[in-house]
Amino acid sequence: MYAVSQDYIDELEDNAVHFERISGTIGTVAFTDANILRGSLSITNQCSDQKNIGIGQVYIGSLKCTFLGINLGSAEKWIGKVISLTHYLEIGQSEEGVPLGYYTVASASMTASGIVVTAYDNMSLLDQRVSNSLLDGYKTAEQWLQVAATACGITIGNTSVELAAMTNGTVLFQCSSDGDISTWRDLLADISQALCAFATAGRDGKIYLRQYKQLADETLMPDRRGNDGSYSDFTTYYSSIYFDNLDGSESCYSIIGDGLVYEGGKNAFLLEDPDGEDLDDVRQAVMNKLGEIVFYPFSVSVAPEPYYDLGDVIDFTGGITGSGKHCVITKTSFKHHSKLKLTGVGTNPRLNNVKSREEKKISGMQREQTAAIQQVKQETQEKIDEITYDYVAPYLESTSSIGDGQDAIVLAFSFHLESNAMVHFGSTINFETVKDGSALVHLHVIYNVDNTEINPLNPLIQYYDDGHHILTLDFLTSELQAGDHTFGVAFGVTGGTVS
């Protein structure tokens, strides 16, 4: 968790509306909120899969954004540029910033609204093929990490003391040629698992190994949480782990309990005895640390103040959580000017262990298919979340009167779709009507998508007497293609004036 001041926390707790902004650089060119298409900036990262807390995970963080008014030349010239950015929260007459990291542009496309960019954090720099000549000898985890860092041009953020204090942190490992290492990210995954840790890119661009901890970093009361939160009534934990052996067999290492079974697989650093160590003792040490991971799965949205990190532990208390839930963050999804979604995964050990391990292996393909379907559902929901905003600033918002027999646009805004989707628009508009005679004012709502008038099957027509009114608008478009779009609302008026 990035260290913020007490004033920062007080601002989040005391005020329902928070004023935020982002600034940063693309290469050497500075940008601000004015250069970001509203609603387009999102950053996601995770340290486990979609089912259970994992060790040895090496996910890549991603940034997506549409930039406006930045001239770097053609879209191709954006490729390889490094984006660094900081999120600021206004606190009284000052503000406080939280760095969001470094991301290298992988793709860029020119659109009518701006440059649509996808960029990845420095974990992606490890996706390079390993030279087997560099995998000889016995080395500590720190030394193996330095081999990878030198080969890939990255920096390891952990200190020597931090790495030595981790599980098996001083063990001299041998990287077995029978392991499944083809890239440096594979190597990082195996050495992280041997330390019962996961790897991630930090806010400073360095690569860090982190172990799951037990003490809570923060306690969140209901007034800091969205009403979309869900919290399990069980804890997820492990009591045994299986590792592959050189001869193709498996060995199980356990602690007392009836928790989940972890599949360690073929770890290149846990196939042969380390120098001066017994392999079984090293593997058991991984299980002993793994057994300390005990958390409630959860999902919740909070204000878009991204000072949380993967692996942070949060206690939720009050509201629907009851006496409290002890949770760990395994995924973050940040949406600028919208929300920050925090997730912690896990399955119920009691339900998961009803079947024997052999039966689970037989049904493994079914589980993988189910997981793939769930992944698609979650990605679909995330895309829905990405185009559902609590507030979108229109680029046109008319306050002029609309007279009898006239029609005029009352508001319009731009938005971006990452993929084909139907878009749901909802809003309320306050206005006043004045009749020309005794008849009621006739108000006809006209929707416009990409400069084309839409004629719904049931057009919205309202009749009003003199006075102030509130009109609720609700409209679902047909499927739109991926890319930039505009949406507008116009009023047509007969029999009076609307203002």
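Reader: Which residues in α4 are buried?

Author: This is a predicted model, in which local features need pLDDT of at least 70, side-chain atom pairs count only at pLDDT 80 or more, and totals for chains, interfaces and linings use all residues. Residues are numbered from 1 along each chain as its sequence is written, and side-chain values use heavy atoms, with hydrogens and water left out. In α4, the buried residues are Trp184, Leu187, Leu188, Ala189, Asp190, Ile191, Ser192, Gln193 and Ala194. Buried means under 20% relative accessible area, exposed over 50%, and partly exposed in between, with a 1.4 Å probe and protein chains only. Helices (H or I, at least four residues) and strands (E, at least two) are DSSP runs, numbered from the N terminus.

Reader: How many of the residues of α4 are buried, then?

Author: Nine of its eleven residues are buried, and α4 is thus mostly covered.

Reader: And what follows α4?

Author: Cys196 follows α4, with a positive phi near 55°. This residue is found in the loop between α4 and β10 (198–201). Most residues other than glycine have a negative phi. Cys196 counts as buried because its relative accessibility is 2%.

Reader: Where is His337, and what is its phi?

Author: His337 is found in the loop between β20 (331–335) and β21 (339–344). Its phi is positive, about 65°, although His337 is not a glycine.

Reader: Back to the helices. How do the axes of α2 and α4 cross?

Author: The axes of α2 and helix α4 (residues 184–194) come within 10 Å and cross at roughly 165°. Axes here are lines fitted to C-alpha atoms, for helices over the stretch in contact, and angles run from 0 to 180 degrees between N-to-C directions. The two helices, α2 and α4, are therefore roughly antiparallel to each other; angles under 35 degrees count as roughly parallel, over 145 as roughly antiparallel, 65 to 115 as roughly perpendicular and the rest as oblique.

Reader: Is that crossing left-handed or right-handed?

Author: The crossing of α2 and α4 is left-handed. A crossing is left-handed if the near helix is turned anticlockwise from the far one by less than a right angle, and right-handed if clockwise.

Reader: Which residues meet there?

Author: From α2, Ala141, Trp144, Leu145, Val147, Ala148, Ala151 and Cys152 meet Trp184, Leu187, Leu188 and Ile191 of α4. Contact means heavy atoms within 4.5 Å.

Reader: Which residues have the most contacts inside the largest nonpolar core?

Author: They are Phe67, Trp78, Ile83, Leu85, Phe173 and Leu188, in a core of 100 residues. Helix α2 (residues 141–152) gives the most to this core, with seven residues. A nonpolar core is a set of buried Ala, Val, Leu, Ile, Met, Phe, Trp, Tyr and Cys residues joined through side-chain atoms within 4.5 Å. A second, separate core of 26 residues includes Val410, Phe431, Tyr464 and Leu480.

Reader: What is Leu85 in contact with, beyond four places in sequence?

Author: Leu85 is in contact with Ile22, Ser23, Gly24, Phe31, Leu41, Ile43, Leu63, Pro99, Leu100, Gly101 and Tyr103.

Reader: Ser23 is on that list. Where is its place, and what does Ser23 touch?

Author: Ser23 lies in strand β1 (residues 20–26). Not counting residues up to four places away in sequence, Ser23 touches Phe31, Thr32, Ser84, Leu85, Thr86 and Tyr88. Its relative accessibility is 15%, so Ser23 counts as buried.

Reader: A change of topic: in what order do the strands of the open sheet run?

Author: Three strands form this open sheet in the order β15-β14-β16, with mixed pairing. The edge strands, each pairing on one side only, are β15 (250–254) and β16 (260–265). Two strands pair if DSSP finds at least two bridges between them. The twist averages 25° from one strand to the next.

Reader: How many bridges are there between β14 and β16?

Author: Strand β14 (residues 238–244) pairs with β16 over five bridges, in the parallel sense. Ser240 stands opposite Val261 in β16.

Reader: And which helix packs on the sheet?

Author: Helix α5 (residues 279–290) does, touching β14, β15 and β16. The direction of α5 makes about 145° with that of β14.

Reader: Finally, how many helices and strands does the chain have?

Author: The chain has eight helices and 30 strands. Of its 499 residues, 49% are buried.
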